[in-house]
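Dear colleague,

Please find the structure we discussed below. My notes on it follow, and I would be glad to have your comments once you have read them.

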Amino acid sequence: MLLTVLSFALLIQTPQGAPRTIAIDEAFASQAHLKVGDRVTLSARPDTPADSAEVVIVGAIARRGADPSEVARGDYVVRMHLDQLQRIAGYGDRVDRFAIATRPSADVGRTLEQINHVAFGFRAYRSKDIAVETSRTFQVVSRFHRAIGIITIVASSIFLLCIMVLKVEERRRDIAALRLMGISRLSVVRSIVIEAGLVAVLGSVLGIVIGWVVSLVVNWHYQALYRTPLYFSIITPSIVAFAVALSLVLGIGAGLVASARLARTPPLALFGR
Amino acid sequence: MTAPSGASVGAVRDVPTARASIVSLSDVHRDYPIGAELVHALRGVSLEVERGDYVSIVGPSGCGKSTLLNLVGVIDQPTSGTVAIAGKRVDAMTDREATSFRLHNIGFVFQRFYLMPTLSALENVELPMAEAKVSARERNARAAKLLEYVGLGARQHHRPSELSGGEQQRVAIARALANRPALMLADEPTGERDAKTGAEIIALFRQLNADGTTMIVVTHDEDLANAARRKIHMRDGRIVQE
């Protein structure tokens, strides 16, 4: 059982008797300079008299899970035994929520129906449904990021096309000379498209390497900042495949448009005569 | 300059034995519409050039000499009249036919060299041969011999940026000879070159012609024009003196 205790008082004490153990999260341990074996006094409120507070020992320091919903949380997490929590919180046997683990072979849907059929004052949900509910914000943010990505790609594509047209345009006299020598339109277009394709592949490889390094730096920085194993930036094989494919399509397309435009122009016109 | 190895260089091997017309223009007119005005660039030009000849065309700017060269080079078509190169009418060819004809029959040398900057001298010379589907081994051997012929045997693997202007022009000349053309055309080949480089090019052209290459050169350079066997003067779209 995991509960977040929002308000408590702590006093580091010298060992005495045999207190029970608690687990605290890494951020809390770092902030309060606690380590495994330290004794602390737990109470629900700072003004609780010392004789009614509970002395416990830090038994474990837990890393935060890779849960996006925990990343921005500023409060600390303390895990304790249920009876301890009941005493300190003063809720008796009341809880806000609890989880039921089922065996892999269990019919979860039927179990859920049975619980909700007899439930009074609470409702049971699948953990998957709760995760979807709590991750809606992230879905919105993710869609927002996707929209920015699409706008960036469209703008980059237009930019790439313009650059490619300009670069090929710079070669109009070279292309004119080639055409005068008897090099066919098809050969001119083919050579430029092959060059554009190679540049696109090299560019996407370079982009992937830069993206991978940036991703490492971003993860290193934010994992340290939020003390979480969560990955903030990931480069998956599908992203790599998409990037290379998109780069090839754009590069070859831009090369084709630019070269076809010049190849259609008579050589003398390319020479400006 | 290295002496030519006639047995291995196509343009050199085709030494003519009989004098035959390779270029034949008959009453050629070329008009250009510029805005509402019609410019008569050529006005009834007739010209015969025999195999192995070396012709220079001179005249003031705008007299029609480049237009004439464009028609002989199959990169333009006359408004009227006929143009035949190596016995074949070329005045009404499609773009594809003209491109193929140029590849196999005509070598061009320009004022600027238009060498591919990323290719070595050898690869630049190989380029027209690759287009003509010459096997890799043969084009490599032929390109090496052509570079040897123009005196650049030791600089085959240099890129254009590593060569002087004169050397680049010699690579361009070797490239023009790559597919053993029946005719070589040059448009101001010594233009923008210093006197020494100009003299080298004139000597190379003389050598090429002596080895059998038919040449037509358009130039303002008196020395180059005087090096030719025939000197044609043009004015106002007509041949006025030869």
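Against which helices of chain A and chain B do the buried residues of α4(B) pack? In this predicted model, they pack against α7 and α8 (185-226) of chain A, together with α3 (95-105), α5 (136-149) and α6 of chain B. I begin with this helix and then turn to the rest of each chain.

**Helix α4 of chain B**

Helix α4(B) is mostly covered, since nine of its 11 residues count as buried under the cut-off of 20 or more other C-beta atoms within 10 Å. The buried residues of α4(B) are Ala121(B), Leu122(B), Asn124(B), Val125(B), Glu126(B), Leu127(B), Pro128(B), Met129(B) and Glu131(B). After the helix comes Lys133(B), which has a positive phi near 60°.

Helix α4 (residues 121-131) of chain B packs with helix α6 (residues 165-176) of chain B at an angle of about 30°, and their axes are 8 Å apart. Angles under 35 degrees count as roughly parallel, and α4(B) and α6(B) are therefore roughly parallel to each other. The crossing in which α4(B) passes α6(B) is right-handed. From α4(B), the residues that take part are Ala121(B), Asn124(B), Val125(B), Leu127(B) and Pro128(B); from α6(B), they are Val171(B), Ala174(B) and Arg175(B). By type, the residues of this contact divide into six nonpolar, one polar and one charged.

**The contact between the chains**

Chain A contributes 12 residues to the contact and chain B contributes 13 residues. On the side of chain A that touches chain B, the elements giving two or more residues are α7 (172-181) and α10 (267-270) of chain A. Of the elements on that side, α7(A) gives the most, with six residues. The residues of this side of chain A comprise six nonpolar, three polar and three charged. Helix α7(A) is also among the elements against which the buried residues of α4(B) pack.

**Chain B**

Chain B has eight helices and 10 strands. Of its 242 residues, 49% are buried. Among the contacts in chain B with a separation of 6 or more, 71% are between residues 24 or more positions apart.

Six strands of chain B make an open sheet with mixed pairing, in the order β6-β7-β8-β3-β9-β10. At its edges stand β6 (106-109) and β10 (238-241) of chain B; each has a single partner strand, so one side of each is left without a neighbour in the sheet. From one strand to the next, the twist averages 25°. Within this order, strand β3 (residues 54-58) of chain B and strand β9 (residues 230-235) of chain B pair in the parallel sense over four bridges. Ile57(B) stands opposite Ile232(B) of β9(B).

Helices lie on this sheet as well. Helix α2 (residues 65-72) of chain B lies across β3, β7 (183-187), β8 (214-218) and β9 of chain B, and runs at about 150° to β8(B).

Strand β1 (residues 21-34) of chain B pairs with strand β2 (residues 37-50) of chain B in the antiparallel sense over 11 bridges. Arg30(B) stands opposite Leu42(B) in β2(B).

**Chain A**

In chain A, four strands form an open sheet in the order β2-β3-β1-β4, again with mixed pairing. Its edge strands are β2 and β4 (78-79) of chain A, each of which pairs on one side only. Strand β1 (residues 20-25) of chain A and strand β3 (residues 54-62) of chain A pair in the parallel sense over six bridges. The bridge partner of Ile22(A) in β3(A) is Val58(A).

Arg39(A) is partly exposed, with 17 other C-beta atoms within 10 Å. Between Arg39(A) and Pro19(A), the C-alpha to C-alpha distance is 8.2 Å, although they are 20 residues apart in sequence.

With kind regards

Definitions and conventions:
Residues are numbered from 1 along each chain as its sequence is written. Chains are lettered from A and ligands numbered from 1 in the order in which they are written. This is a predicted model: local features need pLDDT of at least 70, side-chain atom pairs count only at pLDDT 80 or more; totals for chains, interfaces and linings use all residues. Two residues are in contact if their C-beta atoms, placed from the backbone, lie within 7 Å. Ala, Val, Leu, Ile, Met, Phe, Trp, Tyr, Cys and Pro count as nonpolar, Asp, Glu, Lys and Arg as charged, and the others, Gly among them, as polar. A residue is buried if 20 or more other C-beta atoms lie within 10 Å of its own, exposed if 12 or fewer, and partly exposed in between; C-beta atoms are placed from the backbone. Two strands pair if DSSP finds at least two bridges between them. Axes are lines fitted to C-alpha atoms, for helices over the stretch in contact, and angles run from 0 to 180 degrees between N-to-C directions. Angles under 35 degrees count as roughly parallel, over 145 as roughly antiparallel, 65 to 115 as roughly perpendicular and the rest as oblique. A crossing is left-handed if the near helix is turned anticlockwise from the far one by less than a right angle, and right-handed if clockwise.
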